[in-house]
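Hi,

Here is the structure I promised to pass on.

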Amino acid sequence: MSEPFQVLTSRTVTLSQANIDTDQIIPARFLTTTSREGLGKAAFYDWRYETDGSEKPEAILNRIDPAEHRILLAGKNFACGSSREHAPWALYDYGFRAVISTEIADIFTSNALKNGLLPIVVSQNVWDDLASQPDQPVTIDLQASQIRRGNAQPVSFTVESFARECLLNGVDTLGWLQSNLPEIEAYERSRETV
Amino acid sequence: MPDPKTLFDKVWDAHVVRSETADTPGVLYIDLHLVHEVTSPQAFSEIEARGLKVRRPDRTYATLDHSTPTLPAGLNGLKPYVTAQAEAQVHRLEKNCAAHGVPLAGWGSEDRGVVHVMGPELGLTQPGMTVVCGDSHTATHGAFGALAFGIGTSEVGHVLATQCLLQRKAKAMRVTVDGRLQPGVSGKDVALAVIAAIGFGGGTGYVIEYAGEAVRSLDMEGRMTLCNMSIEAGARAGMIAPDQTTIDWLRGRKHVPADYEAATAEWLKLATDPGASFDKEVVIDGAAIRPMATWGTTPDAGAPIGTPVPQPQSDSDRKAIAYMGFTAGEATTSQPVDVVFIGSCTNGRLPDLRAAAEVLRGRKVKPGLRMLVVPGSEAVRRDAEAEGLHEVFIAAGAEWRIPGCSMCIAMNGDFVAPGQLAVSTSNRNFEGRQGKDARTILASPATAAATAVAGVLTDPRVYLREATALKQSSAARETVGAQNV
């Protein structure tokens with residue numbers, strides 16, 4: 001499982017294309033797995049590997065050290081399409097801990113937040129600014145809900161409050177949902193008597 | 001007077017177990033949880049690791065569709081799975097369902113089908129329900145006035161364990177398609193026109209309600225096609241208020257309520273109240289919609305067939321047009337098509353197959369072109385074969401397969417080869433979606449069939465007009481003949 005997310009300082013890697021769908025993030029042929037582990041190799045597979053399985057040396061994700069590039073700066077409408085949770089599993093296993101875009105698909109956002117991968121939506125100006133200085137480390141402070149870089153003015157972002165709490169403190173979402181079982185049972189009884 | 005409510009409000013409000021607050025999302029009750037082999041194994045593992053059982057197996061229903069071969073077992077009796085891992089995934093769901101008492105329409109069941117084809121045809125999907133599945137095309141079930149949306153595997157685990165989800169309410173958008181649809185224009189064309197109008201991410205954060213004369217005029221299958229593709233505009237759910245068409249379609253199906261008339265009275269109350277407000281309204285002229293096809297690698301990159309590929313507005317457009325092998329300013333109707341696929345949760349239903357067969361009857365698939373027809377469920381297969389549709393497809397030179405997701409997601413061994421151009425009735429034209437380096441044009445079943453005959457992307461109205469003219473002239477002959485007797 002993922003670890004709590006508090007403060008992350010890392011360099012970014014930019015994939016500026018708009019509408020990167022989850023089929024790009026992990027092609028469907030890798031979805032026959034019954035595990036959620038070890039999918040980093042499949043992350044952006046067709047962008048990183050030739051048909052014969054050899055690495056594409058020009059692919060940016062093959063040229064960087066994932067341990068030093070924890071933040072993915074992605075084009076608009078990132079992770080649209082299929083609901084596959086294999087997408088955040090693959091990105092996390094590759095090494096990413098945060099994704100910054102001007103727009104991120106709903107289902108992916110929900111999936112990423114449950115797996116220690118922080119999705120952040122910023123304005124186009126902020127995005128352009130981050131993309132213009134790829135080598136300067138960026139600090140994401142979830143407690144303060146701020147992105148900081150060098151001497152630049154910090155940028156605030158919002159994350160759904162409960163998901164933020166879960167990420168910060170490692171709250172078990174399913175456990176919390178289970179704590180509502182008395183209300184769930186009461187709801188079921190109320191419907192059955194109608 | 002209570003505040004006027006939308007269809008979405010009414011279904012949502014009826015399922016709130018615990019209201020959302022600033023700090024916590026709401027707890028939303030789920031009436032129907034559909035499960036398939038690809039997005040569920042890790043969820044079963046998760047609840048089992050916690051020592052939990054599926055809380056409401058009676059509200060859970062599973063099928064096999066994504067990883068399953070569409071060719072029959074060989075002489076050795078073995079099913080031709082694409083890999084041992086795909087087979088293991090199927091067996092895993094069989095085991096999980098047996099261990100948790102979850103009903104499974106598996107191999108050998110006459111109910112098996114693509115999950116979003118199967119649910120409605122069994123009457124599992126009903127108006128006013130909340131329906132979820134680990135699959136983004138769950139929006140399909142919204143055609144019945146259900147609130148239906150796709151979830152990730154963690155949430156599949158949540159629903160298995162609690163029958164609930166943590167949710168914040170989405171915004172509401174109404175898409176009104178006014179006017180009368182022209183002959184030869186199908187639900188798929190409406191869907192592609194709507195997505196082109198809203199944009200690929202235009203529905204992000206919204207639940208869409210489809211309304212208007214053109215939407216009302218669609219049969220249930222057309223409505224399912226329209227709602228199915230809501231996610232291709234970024235919306236998690238699409239809904240249509242139940243009406244007489246809905247009631248007539250569901251009547252007599254296996255799992256509908258015993259007191260059907262009482263249920264339908266409630267269903268008809270779900271329609272959006274006059275004066276209810278939406279966060280966003282979009283109006284589209286249905287009479288202006290023509291048979292549509294996509295030119296790019298996102299579902300919103302669609303235009304009436306024959307329209308020149310637009311000039312790129314961005315690097316992403318340039319990349320998409322280059323990937324497709326098209327040229328800006330030129331129509332896409334001159335490129336030879338290699339593969340035609342008819343099927344999927346978008347267009348794998350009986351009227352879809354009828355529309356394709358109407359075009360193909362008495363015609364041949366262009367030599368060298370591969371055409372695959374995959375019924376969406378065992379029921380669709382039975383009904384189509386009873387009507388002899390399979391004979392039309394086979395006589396034309398197409399392959400008639402066993403139900404499954406097949407070439408829509410291309411994870412079962414059915415795929416479009418690298419570089420090939422496909423015209424597909426499925427829902428996604430993403431790079432590599434139908435196979436590595438495959439190129440996909442999305443279109444309706446009639447368009448796909450017309451394309452299979454012509455060998456290039458073709459407006460089906462050419463063939464449909466011929467068919468209509470033929471029918472009229474033979475009807476006229478019969479009338480004349482009758483008079484002569």
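**A helix on the inside**

Helix H8 (residues 220-228) of chain B has nine of its nine residues buried, so it is largely enclosed by the rest of the structure. By "buried" I mean that 20 or more other C-beta atoms lie within 10 Å of the residue's own, with 12 or fewer counting as exposed, anything in between as partly exposed, and C-beta atoms placed from the backbone. The buried residues of H8(B) are Met220(B), Glu221(B), Gly222(B), Arg223(B), Met224(B), Thr225(B), Leu226(B), Cys227(B) and Asn228(B). Helices here are DSSP runs of H or I with at least four residues, strands are runs of E with at least two, and both are numbered from the N terminus.

Before you go further: this is a predicted model, where local features need pLDDT of at least 70 and side-chain atom pairs count only at pLDDT 80 or more, while totals for chains, interfaces and linings use all residues. Residues are numbered from 1 along each chain as its sequence is written, and chains are lettered from A and ligands numbered from 1 in the order in which they are written.

**Chain A in brief**

Chain A has nine helices and eight strands. Its C-alpha atoms fill a box of roughly 65 × 45 × 25 Å, taken along the principal axes. Of the 194 residues in chain A, 43% are buried. If you take contacts in chain A between residues at least 6 apart in sequence, 65% of them join residues at least 24 apart. A contact means that two C-beta atoms, placed from the backbone, lie within 7 Å.

**Where the chains meet**

The contact between the chains takes 55 residues from chain B and 45 residues from chain A. On the chain B side, the elements that give two or more residues include strand S1 (16-18), strand S2 (26-29), helix H5 (153-162) and strand S8 (164-167). H5(B) gives the most, with six residues. By class, the chain B side divides into 19 nonpolar, 25 polar and 11 charged residues. In that count Ala, Val, Leu, Ile, Met, Phe, Trp, Tyr, Cys and Pro are nonpolar, Asp, Glu, Lys and Arg are charged, and the others, Gly among them, are polar.

Three strands of chain B form an open sheet in the order S1-S2-S8, with antiparallel pairing. Strands pair if DSSP finds at least two bridges between them. S1 and S8 of chain B are the edge strands, each pairing on one side only, and the twist averages 40° from one strand to the next. S2(B) and S8(B) are joined by four bridges: Tyr29(B) has Cys164(B) as its bridge partner, and Val27(B) has Leu166(B).

In a regular strand, side chains alternate between the two faces of the sheet. Both faces of S8(B) are covered, with Cys164(B) and Leu166(B) buried on one side and Leu165(B) and Gln167(B) buried on the other. Chain A comes in here too: its helix H9 (residues 181-192) lies across S1, S2 and S8 of chain B, running at about 145° to S1(B). Axes are lines fitted to C-alpha atoms, for helices over the stretch in contact, and angles run from 0 to 180 degrees between N-to-C directions.

**A parallel sheet and its helix**

Chain B also has an open sheet of five strands in the order S17-S16-S15-S18-S19, with parallel pairing. Its edge strands are S17 (399-400) and S19 (439-442). Two bridges join S16(B) (residues 370-373) to S17(B), and Leu372(B) stands opposite Glu399(B) there. H16(B) packs on this sheet, touching S15, S16 and S18 of chain B, and its direction makes about 150° with that of S15(B).

H16(B) (residues 445-454) also has a helix partner: its axis and that of H13(B) (residues 350-360) come within 8 Å and cross at roughly 30°. By class the contact has 10 nonpolar, no polar and one charged residues.

**One loop residue**

Ala301(B) sits in the loop between S13 (292-294) and S14 (302-304) of chain B. Is Ala301(B) buried or exposed? Ala301(B) is buried, because 24 other C-beta atoms lie within 10 Å. Leaving aside neighbours within four places in sequence, Ala301(B) is in contact with Thr294(B), Trp295(B), Gly296(B) and Ala320(B).

Cheers
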